[in-house]
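The stops below are given in the order in which they may be selected.

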Amino acid sequence: MRFSQLFAPTLKETPKEAEVTSHQLMIRAGMIRQVASGIYDLLPLGLKVIRKFEAIVREELNKTGAQEVLMPSLVPAELWKESGRWDAYGKELLRVKDRMDRDYCYGPTHEEVITELVRASVRSYKQLPINLYQIQTKVRDEIRPRFGLMRSREFTMKDAYSFHATTDSLDATYQDMFNAYHRIFKRCGLTASAVSADSGAIGGSESAEFMVNAETGEDAILVCGACHHAANVEAAAISTPIFSGSESNAVMTNVETPNCPTIANVAAFLNKEESDTLKSLVLVNGKTATLVLLRGDHELNEPKLRKVLSAPDLRFATDDEIRELGLFKGYIGPQNLPLELPIICDQSVNPNADYIAGANTINAHTTGVVPNRDIPTFKVADIRNAKSGDVCGQCNAGEYDEQRGIEVGHIFKLGTKYSEAMNAVFLDQNGSSKPIIMGCYGIGVGRSVAAAIEQNHDEKGIVWPIPLAPFIVDVIVANPKESDHLGVGESIYKTLVDNNIDSILDDREGSIGFKFKDAELIGFPIQVVVGKGFKESGDLELRIRKSGEALAVKPKALLDTIRNLIDNN
C-alpha cells in the first residue's frame with residue numbers, strides 16, 4: 001500500500017465529542033468516523049486492525065476445537081419469547097417489525113438462535129460436546145453510547161456457545177476457553193486479568209470477566225492485596241466481620257426530620273455520619289415483599305441479594321407498593337413495622353450498635369435503634385457492594401484495592417437455563433431425555449482494539465503492539481523528488497512485502513516532519529527512513545515507535561534487523 005493512495009483522513013485537533021484516549025486517537029488517526037450516536041464507519045486502517053484481532057481470535061478458538069458459524073443479526077421474536085427474554089431484556093433490545101407486522105429484534109447476543117440450531121440437530125449424547133462460535137455484528141440500543149468503539153450501539157462480537165451432556169464436560173470446555181482467552185489477549189499485547197463476575201441478564205452459575213487494566217476503564221475491579229483474588233464490585237465477596245462489645249443501652253427516640261428522605265439528608269440534619277444510619281429498602285419478588293437493611297454508607301448489591309433469596313426476578317418496590325404496605329418512602333425503619341415483613345440485614349450492620357432509622361411516619365426518624373434488641377427476627381448475609389479497604393471474602397486476610405478496568409471478554413457456565421426453556425434435549429446413555437448443558441463465551445472485538453489503545457499510547461499518538469498494527473513497517477521517503485530516494489524506498493517496501501512483513505510506503509510529497517507526525521499518530525511500530533543519511537553514508541534510519549530509539553542500518557542488514565524486532569516483540 002502506498003500512503004498516497006491510502007484513505008486515512010487524519011486530524012490535527014482532538015474532536016470535542018471524543019472523551020477517552022482511544023476514541024480521540026481512532027478519529028484523529030483516520031480509523032473511524034461517526035455516522036450517528038454510537039454508530040461508526042470503520043475506515044481502512046481501523047478495519048485492518050479489527051481483522052488482525054479477529055484472525056488471532058480464530059486461530060486460538062480453532063485450536064480448542066471450536067467451529068465457526070454465522071447466524072443472522074435479525075432474530076424472530078418467537079425465539080426470544082421461548083426463552084422468556086423478550087419482555088425481560090429491557091429497552092436495549094432493539095425491536096422492529098417487518099412488512100407483515102411480525103416482531104423481530106436485532107440480536108445483542110445469540111443464545112436463543114444457537115439453542116434453536118442445536119436442538120434441531122442433536123439427539124444423542126454421542127453428538128456432544130459441541131462448541132460453535134461466530135464473529136458478527138451485534139446491536140444494543142444503549143441509552144448512553146459513548147467512548148467510541150468502547151460502548152457503541154452497533155459493534156462486533158465474538159460469541160461462542162458450547163453444548164454438553166455432563167457438567168464435567170462443560171467444566172473442561174470452560175477451562176479451555178478460559179485459557180484461550182488468556183492466549184488471545186497476551187498475543188495482542190494486552191495486559192488482561194480474569195475476575196470473578198456476576199452472570200447478569202445472560203444467566204448461569206459461574207462467570208468470569210476479562211478486564212484490561214486502564215485508568216479510563218468504566219468498571220471497578222477489586223483486587224485482594226494478600227491472595228490477589230480479583231472480582232468486579234458485583235461479585236466481590238466480603239469477609240464476615242466479627243463484632244465485639246456489649247449491646248448498646250441507647251433508648252429509641254423519635255425525632256422530627258422535616259424534608260429528610262435520604263440518608264445524606266438525615267445524617268446532615270442530625271450531625272451524624274452516614275455509617276450511623278440504617279438504610280431500609282423494600283424489594284419485591286412476585287407477591288412477596290422483603291425489607292432489606294444496610295448501613296447508610298453502603299450500597300445494595302442486587303445480584304448477591306437475588307442469590308441469597310433465590311429470587312431471580314427480585315426488583316425494587318414501586319412507590320404505590322410501598323404505600324400499600326403502610327410505609328413511607330424515605331422514612332422506612334425496621335422497628336415497629338405496621339405489618340410483619342421478612343427482613344434481611346447486611347453482615348456489616350453491627351447487631352449490638354445503635355443506629356438511626358426511619359420512624360415509619362412522614363418527616364421523622366428514630367434514634368437508638370439496636371438491631372438485636374429492637375428488630376424482629378432477621379437474616380444476616382453479605383448483600384452489599386464491596387469497596388476499597390474491605391477484607392477479602394476469599395482469604396479473609398487481605399484488603400481490597402480498587403482498580404479501573406475495561407471489560408473485553410466474559411465467559412459463562414449457563415447450565416440448562418436456555419435448553420430447559422426451549423426444550424433442547426438429548427438422550428443419555430440410559431435413553432433418558434435430559435436438557436443440554438450450555439456454556440457461553442464472548443469477546444468484544446472493537447472494545448478490545450480500543451482497550452489496546454488505552455494501554456498503548458503516548459502524547460504523540462497510538463503505540464500499537466506489533467500483532468495489531470495496521471502496518472508493521474512504514475517506509476518513509478523523506479523527499480520523493482530526491483535522486484534515487486523513491487526507488488530505494490520502493491525496493492525496500494517490495495522486499496518487506498515479499499517477506500510477508502506488512503508494510504506501507506509513504507511516497508507522499510511534503511515535509512519529513514509531516515510524515516513523522518502521521519506515522520507516530522497512527523502508531524506504526526517501525527519506521528524506515530530514506531533520507532539525508534542515505535545519501536551521505538548509505539545508511540537507513542530505523543525508528544522504533546515504542547522505545548523512541550533511532551538506529552542507523554545498512555540496507556543489507558535491514559530485513560534481518562526488522563525480523564529480530566518483530567520476533568522479540
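Select Asn-360, which is buried, with a relative accessible area of 11%; buried means under 20% relative accessible area, exposed over 50%, and partly exposed in between, with a 1.4 Å probe and protein chains only. Although Asn-360 is not a glycine, its phi is positive, about 60°. Asn-360 is placed in the loop between E18 and strand E19 (364–369); helices (H or I, at least four residues) and strands (E, at least two) are DSSP runs, numbered from the N terminus.

The model is a predicted one, in which local features need pLDDT of at least 70 and side-chain atom pairs count only at pLDDT 80 or more, while totals for chains, interfaces and linings use all residues. Residues are numbered from 1 along each chain as its sequence is written, and side-chain values use heavy atoms, with hydrogens and water left out.

Next, select His-228, in the loop between strand E11 (219–224) and strand E12 (230–232). His-228 also is not a glycine, and its phi is positive, about 65°. Is His-228 buried or exposed? His-228 is exposed, with a relative accessible area of 58%.

Now colour the domains, whose bounds come from an automatic or database domain assignment. They are domain 1 (3–228 + 402–453), domain 2 (253–381) and domain 3 (471–567). The centres of domain 2 and domain 3, taken over C-alpha atoms, are 68 Å apart.

Turn to Asp-502, in the loop between helix H13 (485–498) and strand E28 (503–506). Asp-502 is partly exposed, with a relative accessible area of 23%. Leaving out residues up to four places away in sequence, Asp-502 touches Lys-48, Lys-52, Pro-470, Phe-471, Ile-472 and Val-473; contact means heavy atoms within 4.5 Å. Draw a distance from Asp-502 to Lys-379: the two are 123 residues apart along the chain, and 63 Å separate their C-alpha atoms.

Select helix H14 (residues 512–522), where the buried residues are Lys-515, Phe-516, Asp-518, Ala-519, Glu-520, Leu-521 and Ile-522. After H14 comes Gly-523, with a positive phi near 95°.

The next stop is the interior. In soluble globular proteins, nonpolar side chains tend to be buried together. A nonpolar core is a set of buried Ala, Val, Leu, Ile, Met, Phe, Trp, Tyr and Cys residues joined through side-chain atoms within 4.5 Å. The largest one here has 65 residues, and those with the most contacts inside it are Met-31, Phe-53, Tyr-181, Phe-185, Tyr-441 and Trp-464. Domain 1 and domain 3 each give this core at least three residues. Another core, of 27 residues, lies apart from it and includes Val-75, Tyr-89, Val-118 and Leu-414.

Finally, display the second largest pocket, with a volume of about 390 Å³. Among its 22 lining residues, Pro-261, Ser-280, Leu-281, Lys-329 and Gly-330 are closest to its centre. On a 1 Å grid over the protein atoms alone, a pocket is an open set of points where a 1.4 Å probe fits, with protein on both sides within 12 Å along at least five of seven lines; lining residues have an atom within 4 Å of a point. Grid points are joined across faces, edges and corners, and the volume is the space filled by probe spheres set on the points. Which element supplies the largest share of the lining? Strand E14 does, with five residues.
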